[in-house]
Amino acid sequence: MAHKPDKHKKAKGKSKEKAALAKRKAASAKAEAKKVAKKKKRSPAKTDSVAEVPKVAIKVEGVEANETLVHDEANTATAVGASPTSEPLHDAGAWSFEVGDPAYDLRARALIARLESDLADHMERSKPVRYLHSISVAHTAEQMALQYGVDPLHARIAGILHDWDKVLTPAEQIALASRLGVNLGVDLHLVQPLLHGLTAAKRLPDLYPELPSCIWQAIARHTIGAVDMTPLDMVLFVADSIEPRRRDVPAIHHVRELVSESAPLDEVYWASFYHGVAYVIDTERYLYPGTLDIYNHLALHRMAPNR
Ligand SMILES: [Fe+2]
Ligand SMILES: [Fe+2]
């Protein structure tokens with residue numbers, strides 16, 4: 001009987017100790033979280049390596065509080081507003097595509113460094129996810145270029161600059177497109193997600209007059225596509241839709257597989273394009289009539305007996 005109170009005392013002491021330990025752990029975790037948050041605040045995401053990108057929260061465009069990377073991208077998009085390429089971004093790691101080293105000379109390296117630095121100044125702080133996506137598209141496009149016999153430097157540059165006008169709000173993109181005389185034959189509000197490629201292609205040559213026009217064409221076409229895409233156009237269009245930061249949903253997985261298997265580039269482009277159209281229809285969104293025209297043209301071409 002005399003031992004019982006002692007046992008209780010001991011147990012009580014132990015549970016007090018446990019509680020104190022838990023309290024200390026919680027306090028230390030809280031302090032650590034505070035430290036990390038402070039550090040993050042001081043230095044926003046800054047990396048030029050797609051392998052080091054931090055995990056980011058993505059929401060659907062239009063409701064996001066900060067930066068997102070969604071459908072508008074849709075090169076595929078052919079359609080307006082959505083495509084499988086518009087799936088939220090993942091952090092890097094799910095898929096990678098390395099062909100080789102383009103072995104640039106010093107001049108090319110300096111140009112890339114300057115453009116990446118300009119891009120960082122332009123959007124890294126205000127659109128960090130978009131910035132990382134652009135760097136990732138550039139790398140993917142460069143590697144695809146090596147695989148498909150396209151100029152890797154042109155592909156890399158097109159990737160770096162392709163989403164330049166995505167720093168603007170949708171309303172600003174529409175206003176800019178209107179000011180620049182972009183005419184898609186429909187109300188620009190209906191095709192807002194497609195406009196940034198067209199506006200960037202009109203404005204960037206003033207900023208970089210030394211760059212060749214093939215880069216501006218690829219950027220202009222990266223949202224809508226075209227019936228007569230050049231290999232560079234196709235490389236950028238596809239790279240935009242499959243870069244490693246995008247989630248590996250079935251449609252994107254399919255296109256990545258085609259690229260990994262080195263399928264013909266026009267087949268890869270077609271797959272990326274029709275997945276975009278299918279996605280827009282599946283999600284019952286507005287389909288830009290020009291997209292349908294491109295789709296029909298490509299489909300008929302594929303059906304031709306002697307193609
Ligand atoms: Fe993009
Ligand atoms: Fe884009």
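The model is predicted: local features need pLDDT of at least 70 and side-chain atom pairs count only at pLDDT 80 or more, while totals for chains, interfaces and linings use all residues. Residues are numbered from 1 along each chain as its sequence is written, and chains are lettered from A and ligands numbered from 1 in the order in which they are written.

**View 1. The overall fold has 11 helices and 0 strands.** Helices (H or I, at least four residues) and strands (E, at least two) are DSSP runs, numbered from the N terminus. The order along the sequence is α-α-α-α-α-α-α-α-α-α-α. Of the 307 residues, 42% count as buried (20 or more other C-beta atoms within 10 Å of the residue's own; 12 or fewer is exposed, in between is partly exposed; C-beta atoms are placed from the backbone). Among contacts with a separation of 6 or more, 66% join residues 24 or more positions apart; a contact requires C-beta atoms, placed from the backbone, to lie within 7 Å.

**View 2. Helices α3 and α8 cross at roughly 135°.** The axes of α3 (residues 128-148) and α8 come within 8 Å. Axes are lines fitted to C-alpha atoms, for helices over the stretch in contact, and angles run from 0 to 180 degrees between N-to-C directions. The angle makes α3 oblique to α8 (under 35 degrees is roughly parallel, over 145 roughly antiparallel, 65 to 115 roughly perpendicular, the rest oblique). From α3, V137, T140, A141, M144, A145 and Y148 meet α8 residues P231, V235, L236, V238, A239, D240 and I242. This contact divides into 11 nonpolar, 1 polar and 1 charged residues (Ala, Val, Leu, Ile, Met, Phe, Trp, Tyr, Cys and Pro are nonpolar, Asp, Glu, Lys and Arg charged, the others, Gly among them, polar).

**View 3. The largest nonpolar core has 61 residues.** Such a core is a set of buried Ala, Val, Leu, Ile, Met, Phe, Trp, Tyr and Cys residues joined through C-beta atoms within 7 Å. A141, A158, V235 and V238 have the most contacts inside it. Leaving aside neighbours within four places in sequence, A141 is in contact with A155, R156, A158, G159, V235, L236 and A239.

**View 4. Helices α5 and α6 pack at an angle of about 55°.** The axes of α5 (residues 170-179) and α6 (residues 192-207) are 9 Å apart, and the two helices are therefore oblique to each other. P170, Q173, I174, L176 and A177 of α5 meet Q192, L195, H196, L198 and T199 of α6. By class, this contact has 6 nonpolar, 4 polar and no charged residues.

**View 5. A103 and E284 have a positive phi although neither is a glycine.** Most residues other than glycine have a negative phi. The phi of A103 is about 50°, and A103 lies in the loop between α1 (3-42) and α2 (106-124). With 8 C-beta neighbours inside 10 Å, A103 counts as exposed. E284 has a phi of about 60° and is found in the loop between α10 (265-282) and α11 (289-303).

**View 6. A226 sits in the loop between α7 (213-221) and α8 (231-242).** A226 is partly exposed, with 16 other C-beta atoms within 10 Å. Not counting residues up to four places away in sequence, A226 touches R221, D233 and I294.

Conventions. Contact = placed C-beta atoms within 7 Å.
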